[in-house]
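Me: I would like to learn how to read helix packing, sheets and chain contacts in a model. Can we work through one case?

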Amino acid sequence: MTTLYAILIDGMIYASWLFMVAAGLTVIYGVMRILNMAHGSFYSIGAYTGASLVGWYFSGAQGAPYWSYALLLGAALVSGVVVGLLIEQGLLQFMYKRDEILMVIVTYALLLILEDATKLIFGVDPYFTFQPYSLLGRSEIGELTFANYDLALIAVAAVIGAACWLTLNRTHTGKVLRAVIQDREIAIAMGVNVKLMFAATFVVGTTLGAIAGALTAPAISVSPGIGVEVIVLAFAVVVVGGLGSIEGAIVGALLVGITRAAAVHLAPQIELFVIYGVMALVLAVRPQGLFGRDLARKI
Amino acid sequence: MKRTRSYLAPTALALAAAIGFSAPVTAAENGKFRVGIVTFLSGAAAGPFGVPSLNGAKLVIDALNEGKVPAPYGLKGINGLEIETVIVDENGGASKQVEEFRNLAERHKVDAVIGYISSGDCLAIAPVAEELKLTTVLFDCGTSRLFEENKAPTYVFRTGLDAAIDNIGAARYLIDSGRKLESVASIQQNYAWGHDSWGDFSAAIKQLKPGVKVTTEQLPKLFQGQYGAEISALSVSKPDVIHSSFWGGDMEAFVLQGNARGLFDKRTAVLTCGESALDRFKGQAPNGLVIGARGPFGAFAPENTLSTWFRTAYRSSAEMDPTYPAFKMAQAILGLKAAVEKAAGKPGVIPAKEEVARSFKGLSFESVSGTVRMARANGHQALQGIAYGEYKFDAKSDKATIANVKSYSGECVTPPDGTTAADWIKAGFPGAQCN
């Protein structure tokens, strides 16, 4: 029984983290058809800026410790918006008509550049800013103890998921975005400012990546390479759920998270394999992912 | 064609100029002793290991060049010759390192190479060093396979210790400390280092205390960072002791997350690389956590003239205490200096590499961690003891110290020549000399 609820709670916590990491990736692909290899770098930038700011805040003890959560979110918002806007306006907007494969290579190059830039700016020493993680205390659930910060991340991921879904499905902006997703050319013909939509979508995607990084930073030691590590997992989640689908990212994250937690508890030797095993299984049955749509090819 | 020519000429000129400007002057030509220093300058191992070891290297080399290192290292530089360094980033994998090593030997014409943290890099470099006949001092990598696979080395030496010692020492410490030890669990990074460490530890603990049960063996991916499910699995399995060879950010994240969830409240954890984060845990590690430094290094280094000098100088230059990678790098440099000076006989000359290899073999030298004897692997592997102790954080002073330290001699924890660590443990540590 303990193992069963441990699997469920651990799976939910991991899934919420996976979803936060993958949400930006799937939003950008869904609207812009860009498989953004640099997404991990935005996660990393969010983690570094959040950790730096919180580290500075606690080293001076300027105010109430709970303000550190606002600092984390603020750091993520500012860094995500600024870097996302710079990249979209300075590079990507000139390449939108290029082939999807070329965009993969462009964003991969961007990943390498941003990884080195992060090292130049923040150095190679790990950042260990644990205070926001410890501050919320812990809760006992049955025989097990969980960090309240981890449990709070489930709620944050739910809010992000709901906000993305409601924006896409219940707002005017969402309708316009769906029109762009359905057919870019027709949307332009109907007077939609696709360039503006693309810029806004990219910035939202990068900011989601930065938020995931900033909220993860207090639980880990932020060190070079963390962005590269998460990008593979994020891809696994969006591929399972279906590229470009928010619902898919939620279900993909839950599937991967709970399966991985089950493997850790029941057969730890196969934990590394199980994430990619799930991905392979889903792709074998539904190559477009669980929520992916079959697309008619334009001639 | 015309267009091609117009690009070719300046390109060729630029290349020629670049080669000309970068062509190194050999040590013999410029009268300096040139050393290649290889350590992680980027990647996840840079922060916990690479940067401290490079800080240590710079400090010791500068001090040697200025003649400021205490006796017996008063002679400036190496044998009176100024040391100059070629620093190489270890990041990038074994193939890249082999290429870089060949560059150091053939292009930079270094007189010796000191380096390598990754065991994979050490295993790849050792045969190349022998092929190129270049004195190579491995300062940190711990793989037991190094001299099991390179059975008759001439130019390769390791002044750091074999990783098997970390785990045999940890097992002995746990037994001697009188803790409840009926069951043990493991969490290791899922690569050779983690598997080997757990293999040595579990074999040693079962040999020293038959009947110990293994409750769970967790093998998360390297640099995973999130250990929620693993911590639950460890808690559910209710072991008395948790063993881990985690290092760097993974170790810090595991300790932070585990402590926040009370994982260490009712059980002991032993971290074989724990000392490298002694000042970074900042009270997030529980008091009583058993930590090691992979030898008598860092906070475990004995007090002597050299270690006191090194600590003081490191603190004033890096504004923090030196951790074990810094000590190990300093030890490798001092070992090389001792070997070269013994081989040279008189100051101001660079002895032949064969002479250096002969004098390094079986050498005994003073170091920041006490006396080092190159007494294993036919004189190519350092023999030293190991110490473990308990983490203790004082919130008032915001400083961490180590309590209940216990040391084990090299002869107690090191397999003799001619036997592998696994066979020695399995046979019940024959010939071990423990106090």
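Reply: We can, keeping in mind that this is a predicted model. Start with the residues: Ala94(B), Gln97(B), Val98(B), Phe101(B), Arg102(B) and Ala105(B) of α4(B) are in contact with Gly120(B), Asp121(B), Ala124(B), Ile125(B), Val128(B) and Leu132(B) of α5(B). Sorted by class, this contact between α4(B) and α5(B) holds 8 nonpolar, 2 polar and 2 charged residues.

Me: How is the packing of two helices described?

Reply: Two packed helices are described by the angle between their axes and by the distance between those axes. Here helix α4 (residues 94-106) of chain B packs on helix α5 (residues 119-132) of chain B at about 30°, and the axes are 9 Å apart. Angles under 35 degrees count as roughly parallel, so α4(B) and α5(B) are roughly parallel to each other. The crossing of α4(B) with α5(B) is right-handed.

Me: What is the strand order of the open sheet of 7 strands in chain B?

Reply: The order is β7-β6-β8-β9-β10-β14-β15, and the pairing is mixed. Val270(B) has Val290(B) in β10(B) as its bridge partner.

Me: Which strands does α9(B) lie across?

Reply: α9(B) lies across β6 (183-187), β7 and β8 (241-244) of chain B, at about 170° to β7(B).

Me: How many residues of chain B are in contact with chain A?

Reply: 36 residues of chain B contact 37 residues of chain A. Elements giving two or more residues to that side of chain B include α3 (46-65) and α10 (248-260).

Technical notes
Residues numbered from 1 in each chain as written. Chains lettered and ligands numbered in written order. Predicted model: local features only at pLDDT ≥ 70, side-chain atom pairs only at ≥ 80, totals over all residues. Axes fitted to C-alpha atoms, helices over the stretch in contact; angles between N-to-C directions. Helix = DSSP H or I, 4+ residues; strand = E, 2+ residues; numbered from the N terminus. Parallel < 35°, antiparallel > 145°, perpendicular 65-115°, else oblique. Left-handed = near helix turned anticlockwise from the far one by under 90°. Contact = placed C-beta atoms within 7 Å. Nonpolar A, V, L, I, M, F, W, Y, C, P; charged D, E, K, R; others polar. Pairing = 2+ DSSP bridges.
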